[in-house]
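Have the sequence and the 3D view open while you read.

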Amino acid sequence: MRAAVISADAVTVETVPDPTPGPRQVVVKVAACGICGTDLHIAEGEFAPTLPVIPGHEFAGEVVALGSDVTEVRVGDQVAVDPSLHCGECYYCRRGRGNLCERWAAIGVTTAGGAAEFAVAPVANCVVLPAGVAPADAALIEPLSCAVRGFDVLAPQLGDHYLIYGAGTMGLMMMELAKRAGAASVSMVDLNPTRLETAKTLGCSATVTSADELDRPRGWDVVIDATGVVAAIEDGLGRVGKGGTFQQFGVSNEGAVARFSPFKIYNQEIRIVGSMAVLHSFERAAELFAEGALRADIMISHRMSLDEYPAALDQFRKGVGRKIQVRP
């Protein structure tokens, strides 16, 4: 089969052996695979413990082969795949925090992923799609499940005012969930006018290139960074209102350091929270997606061939478009 391969010094598309399922695994014929910041971090030498690796943790497709002990799905089922591979045995897994697993692993990061014609996944990680959901569009369920996890951590209140930094795919998903969570307003900051226009199309309350353009002297109830950029993080931390919450949702470089006022955090009872990947949120995201929580036609800006994976990754690096997908 053909697959994208990230190695220590190159991103290529190669012919590799076809996968075979273990007893409790299935083989999925990939309909589409999304590209996200994690893939870029892998290409830059972060996250993946060993290289080379076939990337792709956002994918969906058709089950084409079953392991000997699989009874939950059938050949021909259309599925979305949760890439999480929690050990289930460590301290954090036993506390129900598998996303913090001490042996953390994920399809497309530590094992071969969906940027290929076929991918192997545990049957427990597969969610069967209802009729009418396009498998290629359903590759959006994985990033949506990360956003759902983000809202689990936020524990929002009705009538909150939100400020979101970054109008890329994840920022837009957080905006859509904020509206569903009863936000009084959602404002978005981004330097890319095309992305701001998309946010406006989706019903954002205000779109600006600098939060200085917004009039909210008491600050925001919820500020979310969906960029991972230190300058945006530091700016956002300074705009949280008394008793508000700042969420670090975007992925920064591991060595990045942001400054903030510890006195303000103490004196104004500001809550700072992180949100890491997927946790008990994939099936809920699948249900939200099936009910129309996202518009795939807007979220997916580019659909490219698998052979174009290196170019697609480079385009993502340059910030062109929203969700970029590759299709075998």
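This is a predicted model: local features need pLDDT of at least 70, side-chain atom pairs count only at pLDDT 80 or more; totals for chains, interfaces and linings use all residues.

Residues are numbered from 1 along each chain as its sequence is written, and side-chain values use heavy atoms, with hydrogens and water left out.

Two packed helices are described by the angle between their axes and the distance between the axes. Helices here are DSSP runs of H or I with at least four residues, strands are E runs of at least two, and both are numbered from the N terminus. Axes are lines fitted to C-alpha atoms, for helices over the stretch in contact, and angles run from 0 to 180 degrees between N-to-C directions.

Start with helix 3 (residues 141–154) and helix 8 (residues 282–290): their axes come within 8 Å and cross at roughly 115°. That makes helix 3 roughly perpendicular to helix 8. For the wording, angles under 35 degrees count as roughly parallel, over 145 as roughly antiparallel, 65 to 115 as roughly perpendicular and the rest as oblique. The crossing of helix 3 and helix 8 is also right-handed; a crossing gets that name if the near helix is turned clockwise from the far one by less than a right angle, and is left-handed if anticlockwise.

Which residues of helix 3 and helix 8 meet? On the helix 3 side they are I141, E142, L144, S145, V148 and D152, and on the helix 8 side F282, R284, A285, A286, L288 and F289. Contact means heavy atoms within 4.5 Å. Sorted by class, the residues of this contact between helix 3 and helix 8 are 8 nonpolar, 1 polar and 3 charged. In that sorting, Ala, Val, Leu, Ile, Met, Phe, Trp, Tyr, Cys and Pro count as nonpolar, Asp, Glu, Lys and Arg as charged, and the others, Gly among them, as polar.

Now look at helix 4 (residues 169–180), which packs with helix 3 at an angle of about 55°, with the axes 9 Å apart. That makes helix 3 oblique to helix 4. This crossing of helix 3 and helix 4 is right-handed. From helix 3, P143, L144, C146, A147, V148, G150, F151 and L154 take part, meeting M170, M173, M174, L177 and A178 of helix 4. The contact of helix 3 with helix 4 has 12 nonpolar residues, 1 polar and no charged ones.

**Cysteines**

A disulfide is a covalent bond between the sulfur atoms of two cysteines. How many disulfides does the model have? The count comes to 0, using the rule that a pair of cysteine sulfur atoms must be within 2.5 Å. C90, for one, is in no disulfide, and the nearest cysteine sulfur, that of C93, is 3.8 Å away.

**Buried or exposed?**

Buried means under 20% relative accessible area, exposed over 50%, and partly exposed in between (1.4 Å probe, protein chains only). Here are some residues on that scale:

| Residue | Relative accessible area | Class |
|---|---|---|
| C90 | 3% | buried |
| C204 | 10% | buried |
| R239 | 18% | buried |
| Q78 | 27% | partly exposed |
| F263 | 54% | exposed |
| P17 | 70% | exposed |

R239 sits in the loop between helix 6 (230–237) and strand 12 (240–248). Leaving aside neighbours within four places in sequence, R239 is in contact with L163, Y165, A211, D212, G219, W220, V223 and K264.

Q78 belongs to strand 5 (residues 78–81). Not counting residues up to four places away in sequence, Q78 touches G61, E62, V127, V128, L129 and P135.

F263 is part of helix 7 (residues 262–267), while P17 is in the loop between strand 2 (11–15) and strand 3 (25–35).

L51 and P52 are joined by a cis peptide bond, with omega about 5°. P52 is in the loop between helix 1 (37–43) and strand 4 (58–66). F47 lies in the loop between helix 1 and strand 4 too, and its phi is near 75°, a positive value in a residue other than glycine. At 42% relative accessibility, F47 is partly exposed.

A277 is not a glycine either, yet has a positive phi of about 60°. Find A277 in the loop between strand 13 (271–274) and helix 8; at 25% relative accessibility, A277 counts as partly exposed.
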